[in-house]
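Subject: Model for your files

Dear colleague,

Please find the sequence and structure below. My notes on it follow.

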Amino acid sequence: MKTASISTRLDPEVAQKLDLLAKATARSKSFLVAEAVQAYLENQTWQIEAIQEGITEADRGHFRTDEDVKRTFERWGVNAD
């Protein structure tokens, strides 16, 4: 598998935690950083796609009714009146 190298600067406390985790898991720091970046990108990509989908729907004029919004808030125990 091809990989690309990058460099970054970490806060000393973060670097120390990374060292400890690497030792505890018998994984390299590079492996842990790559895994963390992958998880972050998956999370951010999902959010960005959901936001873009919402903007597209809004641009098409597709909105929820006030009643739909109130019911959604009520499910979370919030009075939207």
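The radius of gyration here is taken over C-alpha atoms, and the globule rule used for comparison is 2.2 Å times the number of residues to the power 0.38. By that rule a compact globule of 81 residues would come out near 12 Å, but the protein chain has 21 Å. Its C-alpha atoms fill a box of roughly 55 × 30 × 20 Å along the principal axes.

Two notes on provenance. This is a predicted model, in which local features need pLDDT of at least 70 and side-chain atom pairs count only at pLDDT 80 or more, while totals for chains, interfaces and linings use all residues. Residues are numbered from 1 along each chain as its sequence is written, and side-chain values use heavy atoms, with hydrogens and water left out.

Helices

Helices (H or I, at least four residues) and strands (E, at least two) are DSSP runs, numbered from the N terminus. The protein chain has three helices and zero strands, in the order α-α-α from the N terminus on.

The expected span of a helix is 1.5 Å times one less than its number of residues. For helix 1 (residues 12–25), with 14 residues, this gives 20 Å, and the end C-alpha atoms are 20 Å apart, which agrees. Helix 2 has 31 residues and should span 45 Å; the distance between its end C-alpha atoms is 44 Å, again in agreement.

Surface and charge

Accessible areas come from the Shrake-Rupley method with a 1.4 Å probe, and for residues only the protein chains shown count as cover. The accessible surface of the protein chain is about 7800 Å², with 55% of it belonging to carbon and sulfur atoms. Buried means under 20% relative accessible area, exposed over 50%, and partly exposed in between (1.4 Å probe, protein chains only). On that scale, 4% of the 81 residues count as buried.

For charges, Lys and Arg count as positive and Asp and Glu as negative, without His and the chain ends; each charge is placed at NZ of Lys, CZ of Arg, CG of Asp or CD of Glu. The mean positions of the 11 positive and 14 negative charges are 10 Å apart.

Salt bridges

A salt bridge is a side-chain nitrogen of Lys or Arg within 4 Å of a carboxyl oxygen of Asp or Glu. The count comes to five. One of them joins the side chains of D19 and K29, at 3.0 Å from N to O. D19 lies in helix 1 and K29 in helix 2 (residues 29–59), so this pair ties together parts that are ten residues apart in sequence. Both partners are partly exposed, D19 at 29% relative accessible area and K29 at 41%.

R71 and D68 both lie in helix 3 (residues 66–75), three residues apart, about one turn of the helix. By relative accessibility, D68 is partly exposed at 22%, R71 is partly exposed at 44%, and R64 is exposed at 67%.

Regards
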